[in-house]
Amino acid sequence: MSKRAVTISALAGAALLAGAGAYAFAGETGGSGSTGSTGSTGPEVAKASVAYVAPSADKDGSLTFTARVSDDSGVRNLKVLAWPASMTPAPDADDMAHVESATCEPSGPSGDKAVLCTYTVKVTSAEAAASPNGAWHVGVLASAEDGGRTFAPKAAGFTVKG
């Protein structure tokens, strides 16, 4: 799946392509703690943050999500999906199977199993105009090398205005 297709699905929240005008950055909230796990053991997702930069008439915008992910067995990947708070039902862990993964790089001292994961996607004016205004969440699914998983449907959030 191309980044373009993921951009559309991420910013449109699967099929919510009903929208209004261009966005302006209105703020961000990030998780300062860790997320819960889908099982008894799973990766820890901490220090999650998101930044949305609205496209302008002559320049594409972007959506960037970052988080520190750690697990004793190592981190396999972190899947990322931005979705409008108005979307019903909210995405679940199964919906995350078809979205792209963040790029994760080692973080911390040697031997530490933590990684810093970053996901950035370009946002065109047309994509922004076709997406809903208001509150958005960033959901993540972290997978560990030992098979543990952690799903956080609201790891971070941001608000856009038309």
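**Figure 1. Aromatic pairs of the predicted model.** This predicted model contains two aromatic pairs. In one of them, Y52 and F158 are stacked, because their ring planes stand at 15 degrees, with 5.7 Å between the ring centres. The two residues come from separate strands: Y52 belongs to strand β2 (residues 44-53) and F158 to strand β8 (residues 149-161), so the pair ties together parts that are 106 residues apart in sequence. Y52 is buried, with a relative accessible area of 2%. F158 is likewise buried, at a relative accessible area of 3%.

**Figure 2. The stacked pair of W136 and F158.** The ring of F158 also pairs with that of W136; the centres lie 6.1 Å apart and the planes are at 15 degrees, so this pair is stacked. Y52, W136 and F158 form one aromatic cluster.

**Figure 3. The disulfide between C104 and C117.** The model has one disulfide, formed by C104 and C117, whose sulfur atoms are 2.0 Å apart. The bond is classed as right-handed because the torsion about the S-S bond of C104 and C117 is about 110 degrees. C104 lies in strand β5 (residues 103-106) and C117 in strand β6 (residues 115-123), so the pair ties together parts that are 13 residues apart in sequence. The two cysteines fall into separate accessibility classes: C104 is partly exposed, with a relative accessible area of 28%, whereas C117 is buried, with a relative accessible area of 0%.

Figure 4. A142 is a residue of strand β7, which covers residues 134-144. Its relative accessibility is 0%, so A142 counts as buried. Leaving aside residues up to four places away in sequence, A142 touches P43, V45, V69, N77, L78, G148, R149 and T150. A further distance concerns M96, which lies 46 residues from A142 along the chain; the C-alpha atoms of A142 and M96 are separated by 9.9 Å.

**Figure 5. The setting of the close-up views in the whole protein.** The protein comprises two helices and eight strands. Read from the N terminus, the order of these elements is α-β-β-β-β-β-β-α-β-β.

Note on methods:
Residues numbered from 1 in each chain as written. Predicted model: local features only at pLDDT ≥ 70, side-chain atom pairs only at ≥ 80, totals over all residues. Heavy atoms only, no water. Helix = DSSP H or I, 4+ residues; strand = E, 2+ residues; numbered from the N terminus. Buried < 20%, exposed > 50% of the residue type's maximum accessible area, 1.4 Å probe, protein only. Contact = heavy atoms within 4.5 Å. Phe/Tyr/Trp six-rings, centres within 6.5 Å; stacked < 30°, edge-to-face > 60°. Disulfide = S-S within 2.5 Å.
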